[in-house]
Amino acid sequence: RYGTVTGVQTCALPISVGKCLTLEDGQTLTYDRVILSPGVSLKYGDVPGYSEAASTAMPHAWKAGHQTLLLRDQLAAMRQGGTVLMSVPNNPYRCPPGPYERASLMAQYLKKNNPTAKIIIIDGKDTFSKQALFTEAWESLYPGLITHVTFADNGGVLRVDPDAMEIATAFENFEGDVVNIIPPQRAPDFVLEAGLGGGGEWCSIDQFTFESVEAPGVHVIGDAAIVGDMPKSGFSASVQGGVCAHVVAALLSGQTPDLGVLLNTCYSFVSTNYGISVAGVYRINEEGRLKSVAGTGGTSPTGAPLSIREAEANHAQSWYKNLTSFLFGYVSVSARAIIFYLFLWFGMAAFASGDLPPSLAGPLTDVPGDPVRGLEVFRDGSKATCLICHSVSSLSDRDQGVLGPLLDGVADKYS
């Protein structure tokens with residue numbers, strides 16, 4: 001629809017905002033618009049005593065690969081009854097619930113293989129994502145194994161000592177057998193050196209188009225950007241990527257991009273068969289910021305039975321498989337995902353165009369309908385989410401959806 005797409009799997013050298021991009025092999029590409037998703041860099045120097053060299057003794061494991069394996073091996077080799085220390089930064093950082101999911105799965109391993117061990121989380125903040133759900137699960141699954149020390153109770157990390165395996169805080173010193181330091185983060189150096197941070201540590205963007213406020217024609221998505229209320233999560237980045245692609249295609253065609261909604265869903269495992277989740281819906285407000293839509297989203301309920309947690313763990317596995325297949329194209333899984341989305345979108349399109357036969361020949365119950373009450377529920381985002389994706393021309397609601405088909409006349413058409 002928008003022309004030829006050519007894929008190149010290679011590395012790009014530090015970006016210039018001069019409408020050209022140099023690849024590792026020396027090839028230069030010119031562009032009208034470029035989309036960057038560069039991730040994050042770790043601020044080793046913000047933790048006194050910590051460095052990239054120190055991460056061999058105190059791994060961060062916040063970028064997958066050798067570091068992840070190093071932390072795994074240290075945990076497996078830890079003495080019986082040993083102590084794991086985890087230092088967590090203040091917001092913002094990649095994957096807000098990630099440290100607590102990691103602590104949970106460490107606890108699952110230790111409960112079986114090193115049951116007298118302890119995990120101490122030294123936090124740079126007092127509250128965290130899905131906190132009530134994590135702490136409820138820890139008390140149930142791992143009583144006494146995980147201790148969470150809030151910023152109010154530790155006063156902040158003053159320094160770390162890789163030789164002594166020690167974390168010093170304002171109020172107490174902690175010694176560990178395994179020490180996991182997750183340092184503060186920022187946009188990658190090459191992005192900031194190109195001026196996309198505007199003197200700050202993250203890329204400021206037009207949150208409608210994802211275009212850099214510092215460099216016209218350069219769009220930034222994912223962890224490196226400030227994207228309103230959206231968290232720095234993989235799912236957020238994947239959604240932003242899809243929206244940004246449509247925005248860029250529209251701009252290149254001289255069209256005005258549609259203003260829609262963005263979604264985020266994040267699952268966490270507390271154990272292999274215990275899952276929890278958080279979801280959010282975001283829309284551009286009058287100030288041009290992506291803000292959470294009131295009455296939408298939320299977390300898994302606290303106090304839910306184990307059957308719900310097991311179901312969420314299964315959902316998390318499917319969520320991960322579908323997300324990775326969408327991003328990386330694993331056919332065995334993506335076929336199912338594609339079939340689902342094609343069914344969803346073509347089904348809605350057929351419904352809107354009148355291609356489907358009437359399915360409601362009469363009332364569903366003997367109770368008369370209440371159109372006034374129905375309209376009230378339809379427009380209330382805490383009771384129904386219809387207007388997140390759909391719109392009705394006769395309604396005055398300001399922020400109606402554009403993702404789904406127009407619902408004008410559906411009652412007359414299909415009932």
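These legends describe close-up views of a predicted model. Residues are numbered from 1 along each chain as its sequence is written, and side-chain values use heavy atoms, with hydrogens and water left out. In this predicted model, local features need pLDDT of at least 70 and side-chain atom pairs count only at pLDDT 80 or more, while totals for chains, interfaces and linings use all residues.

**View 1. Strands S8, S9 and S10 form an open sheet.** Its 3 strands run in the order S8-S9-S10, with antiparallel pairing. Strands (E, at least two residues) and helices (H or I, at least four) are DSSP runs, numbered from the N terminus. Two strands pair if DSSP finds at least two bridges between them. S8 and strand S10 (173-175) are the edge strands; each has a single partner, so one side of each lacks a neighbour in the sheet. Neighbouring strands are turned by 15 degrees against each other on average, direction ignored. Here axes are lines fitted to C-alpha atoms, for helices over the stretch in contact, and angles run from 0 to 180 degrees between N-to-C directions. S8 pairs with strand S9 (residues 166-169) over 4 bridges, in the antiparallel sense. Arg-159 has Ala-168 as its bridge partner in S9.

**View 2. Val-160 sits in strand S8 (residues 157-161).** Val-160 counts as buried, at 6% relative accessibility. Buried means under 20% relative accessible area, exposed over 50%, and partly exposed in between (1.4 Å probe, protein chains only). Beyond its neighbours within four places in sequence, Val-160 is in contact with Val-47, Pro-48, Gly-49, Tyr-50, Met-58, Glu-166, Ile-167 and Ile-181. Contact means heavy atoms within 4.5 Å. Val-47 and Val-160 are 113 residues apart along the chain, yet their C-alpha atoms are separated by 7.2 Å.

**View 3. The largest nonpolar core has 31 residues.** Such a core is a set of buried Ala, Val, Leu, Ile, Met, Phe, Trp, Tyr and Cys residues joined through side-chain atoms within 4.5 Å. Ile-119, Trp-138 and Val-270 have the most contacts inside this core. Among the elements that each supply at least two residues are helix H1 (66-77), strand S5 (83-88) and strand S17 (274-284). A second, separate core of 29 residues includes Cys-203, Ile-205, Ala-224 and Leu-290.

**View 4. Ser-104 and Val-270 are in contact.** Ser-104 lies in helix H2 and is buried at 0% relative accessibility. Leaving aside residues within four places in sequence, its contacts also include Phe-134, Trp-138, Tyr-142, Ile-146 and Phe-269. Val-270 touches Leu-105, Ala-137, Leu-141 and Ile-276, among others, not counting residues up to four places away in sequence.

**View 5. Ring pairs link Tyr-100, Phe-128, Phe-134 and Trp-138 into a cluster.** The structure holds 8 aromatic pairs. Rings of Phe, Tyr and Trp (its six-membered ring) pair if their centres lie within 6.5 Å; planes under 30 degrees apart count as stacked, over 60 as edge-to-face and the rest as tilted. Tyr-100 and Phe-128 are stacked, at 3.7 Å centre to centre and 10 degrees between the planes. Tyr-100 is in helix H2 and Phe-128 in the loop between S6 and H3, so this pair ties together parts 28 residues apart in sequence. Tyr-100 is buried, with a relative accessible area of 0%; Phe-128 is buried at 9%. The rings of Tyr-100 and Phe-134 are tilted, with centres 6.2 Å apart and planes at 50 degrees.
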